[in-house]
Amino acid sequence: MFRNFIIICVIFPNILFSQIQNSAYNSLNLHSSSRILSMGGEVISIFDNDVSLANLTPSLLNEKMDNQISFNFVDYFSDINFISFYSAKKFSDNLMLFLGVDAINYGEFSGTDIFGRSTNYFNASDQIITIGTSKKISDYFIFGSNIKLLNSNLETYHSMTLSSNIATTYINPQTNFSSTLLIKNIGKPIINYTSNKEDLPFEVQLGISKSLKHLPFTYSLVFHHLNQYDISDDYNLNTIYNPITNTIEIKDETVAKKILRHVIIGGELNPFRKNLYLRGGFNFQRREDLKLSSAFTMSGFSFGLGFSLKKIQVHYSRSAFHTASSLNSFSTIINLSSF
């Protein structure tokens, strides 16, 4: 069963579609977990009992998540809302299955003609169904893969996409260290919005995390977009005035800054090792893209907390994007085996 599933997840999408990098379907990369959002927006190597971590990183799916369900709500910018449901089930000693449903509502829009006169109102939304599996292949390695079906409706335009993520995670319980290699969005649209073919945001990530021995603290480092060196944009160019030529010149970013754009830092503190968690993170790429040159802002920073209420875990996060907008999210996790 596991072998057949891996063939479907990895081989089948690549036979049907050729792989080209693009960012047309970025909803495939969105997180709704408050824990992930509070730690910089990406967490791919922390190995514990949070079923939300397995949505985009299937190798984190493990037996501690058996019979666990998670509900997440994200209050995005403007009228955009994002809700999700995740669950996991153990089928054998080393085989886990995952089911996830994501729904993104972009709100209502007013259509106009070429003269700016109102014509109609329309909606836009995305729905993503995820089926994943993981298998322990040794005492230290877990392999996971999933299939994601994205159904997108933007006004009268419709698209459907089949993609898969594959990942492998290394865990060393003796040193409380774990690392994950994640390959995301392998596939192509089944139905395109228009006659122009859109491509998936293919990406390779590497994550490491470690729990400290003498302090109840876990750190996470994620190196994203390893398949592309320069991920800077043209919206926040660094310009300087050249008095000799009397022109404005574009100053290229340093190598160090281009490398730092690939890094996301996150941390989780468990004071007194009780049922309270304090979290924070910093996303270099988000900071560089959305900061203001005229003033200091919190762009790129995020924080959150989590606590347990009897048999339910509750989490909250707040992420600063632009100075004019921040993102709030709420998550609850319940283990049905405890009832």
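Predicted model: local features only at pLDDT ≥ 70, side-chain atom pairs only at ≥ 80, totals over all residues.
Close-up 1. Now check the backbone: phi of R273 is near 55°, which is a positive value in a residue other than glycine. Why point that out? Most residues other than glycine have a negative phi.

**Close-up 2. E155, another loop residue with a positive phi.** Here we're in the loop between β5 (141–154) and β6 (157–172), where E155 lies. The phi of E155 is near 55°, again a positive value, and again the residue isn't glycine. Is E155 buried, partly exposed or exposed? It's partly exposed, because its relative accessibility is 34%, and that label covers values between 20% and 50%.

Close-up 3. Seven names to spot here: L99, V101, I129, I131, L149, I190 and I191 make a nonpolar surface patch of about 540 Å². Which elements give two or more residues to this patch? They are β3 (95–112), β4 (118–136) and β7 (177–191).

**Close-up 4. I191, one member of the patch.** Zoom in on I191, one of the residues that make the nonpolar patch. You'll find I191 in strand β7. With a relative accessible area of 36%, I191 is partly exposed.

Methods: Residues numbered from 1 in each chain as written. Heavy atoms only, no water. Helix = DSSP H or I, 4+ residues; strand = E, 2+ residues; numbered from the N terminus. Buried < 20%, exposed > 50% of the residue type's maximum accessible area, 1.4 Å probe, protein only. Patch = residues over 30% accessible without salt bridge, like charges linked within 9 Å, V, L, I, M, F, W, Y side chains within 5 Å. Areas by Shrake-Rupley, 256 points an atom, 1.4 Å probe, with all protein chains shown as cover. Salt bridge = Lys/Arg side-chain N within 4 Å of Asp/Glu carboxyl O.
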